[in-house]
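Here are my notes on this model, written as numbered points you can follow with the structure open beside you. Take them one at a time and find each residue as you go.

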Amino acid sequence: MEALNVRGLRRSFGELVVLDDVTFAVEAGQVGVVMGPNGSGKTTLLRCVVGAERPDDGEITSGGKRLDEADPWTRSILAAALDDIDFFPDLSVVEHLDLLAMAHGGGGEPVGEVLTELGLDRARDQLPATLSSGQRRRLALASCFVRPRRLLILDEPEQRLDARGRAWLADRLLREKASGVAVLMASHDAELIDAVTDVRIEIGA
């Protein structure tokens with residue numbers, strides 16, 4: 001089953017065409033990786049999929065149903081960690097994750113287990129502004145795992161992770177695949193791409 005189907009996607013800013021007739025599909029249990037040089041539109045493509053950007057043309061569907069950020073159904077199946085993710089500034093790490101889990105009705109992984117897996121136990125009571133850039137990246141990923149998901153969108157998730165963190169990420173993405181989650185991500189990490197990818201989406205080549 002196609003968990004994500006993108007057809008004829010086009011996005012421009014004035015006369016600058018960033019995405020032109022982008023078409024691909026990612027099935028449940030697959031990882032699709034968006035590849036291309038800097039400035040080729042990888043982040044724009046991901047933002048269109050999650051609804052942060054509106055394409056000028058084309059359609060984005062899951063299981064034949066159009067994805068729409070305002071639709072509760074879309075929010076119930078899609079989890080995303082983009083580079084510009086916002087955190088609740090007055091909530092601690094654990095409070096942030098507890099709120100997200102509750103807001104999505106549970107069904108994700110227990111907050112305590114996610115904190116341990118992401119190495120955020122010692123930072124559980126810190127505010128997001130006090131975290132290092134690597135910790136903020138792990139918090140963004142943790143925010144996806146505490147909620148139910150059938151579609152996971154990640155923008156260069158390997159950024160600001162050390163070698164051990166990147167090895168963990170590859171293993172985690174393989175586990176997401178095994179559980180039937182479809183993953184769409186942008187990445188520049190050749191080793192990670194080779195380890196997890198089923199569908200390669202070349203843009204801006």
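1. Let's begin with the buried residues of helix α1, which are Lys 42, Thr 44, Leu 45, Leu 46, Arg 47, Cys 48, Val 49 and Val 50. Please keep in mind that this is a predicted model. Eight of the nine residues of α1 are buried, so this helix is largely enclosed by the rest of the structure.

2. Strands β1 and β2 run antiparallel and are joined by eight bridges. If you want a pair to find on screen, Ser 12 stands opposite Val 17 in β2. The two strands make a hairpin with two residues between them, and Gly 14 in the turn has a positive phi of about 65 degrees. At another place in the sheet, β4 (residues 57-62) and β5 also run antiparallel, joined by two bridges. There, Ser 62 stands opposite Lys 65 in β5.

3. Glu 53 deserves a stop of its own. Where does Glu 53 lie? You will find Glu 53 in the loop between α1 and β4. Its relative accessibility is 17%, and because buried means under 20%, Glu 53 counts as buried. Leaving aside residues up to four places away in sequence, Glu 53 touches Arg 11, Phe 13, Arg 47 and Cys 48. Arg 47 and Cys 48 are among the buried residues of α1. Glu 53 and Arg 11 are 42 residues apart along the chain, and their C-alpha atoms are separated by 8.7 Å.

4. Next comes another sheet. This open sheet has five strands in the order β6-β7-β8-β3-β9, and the pairing is parallel. Its edge strands, β6 (78-81) and β9 (199-202), each pair on one side only. From one strand to the next, the twist averages 15 degrees. Within this sheet, β3 (residues 31-35) and β8 (residues 182-186) pair in the parallel sense over four bridges. Val 31 stands opposite Val 183 in β8.

5. Helix α6 (residues 163-178) lies across β3, β7 and β8, and runs at about 145 degrees to β8.

6. Helix α5 also has a helix partner. The axes of α3 (residues 93-103) and α5 (residues 133-145) come within 9 Å and cross at roughly 25 degrees. Angles under 35 degrees count as roughly parallel, and α3 and α5 are therefore roughly parallel to each other. Their crossing is right-handed. On the α3 side, Val 93, His 96, Leu 97 and Leu 100 meet Leu 139, Ala 142 and Ser 143 in α5. The residues of this contact divide into five nonpolar, two polar and no charged.

7. Asp 21 has a phi near 55 degrees, and Asp 21 is found in strand β2. Glu 156 has a positive phi of about 45 degrees, and its place is in the loop between β7 and α6. Are these residues buried or exposed? Asp 21 is exposed, with a relative accessible area of 54%, whereas Glu 156 is buried, with a relative accessible area of 12%.

Definitions and conventions
Residues numbered from 1 in each chain as written. Predicted model: local features only at pLDDT ≥ 70, side-chain atom pairs only at ≥ 80, totals over all residues. Heavy atoms only, no water. Pairing = 2+ DSSP bridges. Axes fitted to C-alpha atoms, helices over the stretch in contact; angles between N-to-C directions. Parallel < 35°, antiparallel > 145°, perpendicular 65-115°, else oblique. Left-handed = near helix turned anticlockwise from the far one by under 90°. Contact = heavy atoms within 4.5 Å. Nonpolar A, V, L, I, M, F, W, Y, C, P; charged D, E, K, R; others polar. Buried < 20%, exposed > 50% of the residue type's maximum accessible area, 1.4 Å probe, protein only.
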